[in-house]
Amino acid sequence: MKKLRRELMDWLKTILLSLGLVLLLHYFVFNLSTVDGRSMEPTLVQDEWLFVNKIGYLLGSPGRGDVIVLEDPSGSEGKLRYLVKRIVGMPGDRVEIAGQQLYINGELVDEPYTDSPIEGMNYGPEVIQQGHFFVMGDNRRERASLDSRTFHAVPRELIIGRAEAILWPIPQLRLL
């Protein structure tokens, strides 16, 4: 009976330790996120699973071109929602959308990750304040992406992490 009891206690310790380790990794190191919607097409499509690196931004800063996961700053529907976007404007940048093109600090930005010009109204110019980032979806068709054109630059605190890779479906497995 003592042997069985000791064996159960060992199993319980192992399970609790494993659960604690997984939770620690989930909250501070990495996360898995699912693409929901069309805002990042053609780079990402509906239902792809992303590996999100959280620790990278604890040790460093977000950069231009990073595909990130962030809390929805618009607070739509009164519930916490996450968005996947690309950082196009950094703190101190002057961002403008004119003639269906993106300009940063007065220079036209080459955006090989998009497949269409920016539809809709012009935007800006807006100078991005310190600690904020201008984000957009790669799908530049009108009303295809809820992004900084709607809710303006996002504070650093809302950025969860950088999407590093597509993990699922297997044929789409690749680094971003």
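Q: How do you know that E6 and E7 pair?
A: E6 and E7 are joined in the antiparallel sense over two bridges. Two strands pair if DSSP finds at least two bridges between them, so E6 and E7 qualify. Within this pairing, Ile104 stands opposite Glu107 in E7. The strand names are DSSP runs numbered from the N terminus (E, at least two residues). A friendly note before we go on: this is a predicted model, where local features need pLDDT of at least 70, side-chain atom pairs count only at pLDDT 80 or more, and totals for chains, interfaces and linings use all residues. Residues are numbered from 1 along each chain as its sequence is written, and side-chain values use heavy atoms, leaving out hydrogens and water.

Q: What makes strand E7 and strand E8 edge strands?
A: Their sheet is open and has four strands in the order E7-E6-E5-E8, with antiparallel pairing. Strand E7 (107-108) and strand E8 (123-127) each pair on one side only.

Q: Which strands pair with E4?
A: Strand E3 (residues 67-71) pairs with E4 in the antiparallel sense over five bridges, with Leu70 facing its bridge partner Leu83 in E4. E9 also pairs with E4 in the antiparallel sense, over three bridges, and there the bridge partner of Ile87 is Val135 in E9.

Q: What makes the set with Leu102 and Met136 a nonpolar core?
A: A nonpolar core holds buried Ala, Val, Leu, Ile, Met, Phe, Trp, Tyr and Cys residues joined through side-chain atoms within 4.5 Å. The largest one has twelve residues, among them Val88, Leu102, Tyr113, Phe134 and Met136. Strand E5 (94-98), strand E6 (101-104) and strand E9 (132-136) each supply at least two residues of this core. A second, separate core of eleven residues includes Tyr57, Ile87, Val135 and Ile159.

Q: Which residues touch Leu102?
A: Leaving aside residues up to four places away in sequence, Leu102 touches Val88, Val95, Glu96, Ile97, Glu107, Leu108, Val109, Glu111, Ile118 and Met136, with contact meaning heavy atoms within 4.5 Å.

Note on methods. Buried means under 20% relative accessible area, exposed over 50%, partly exposed in between (1.4 Å probe, protein chains only).
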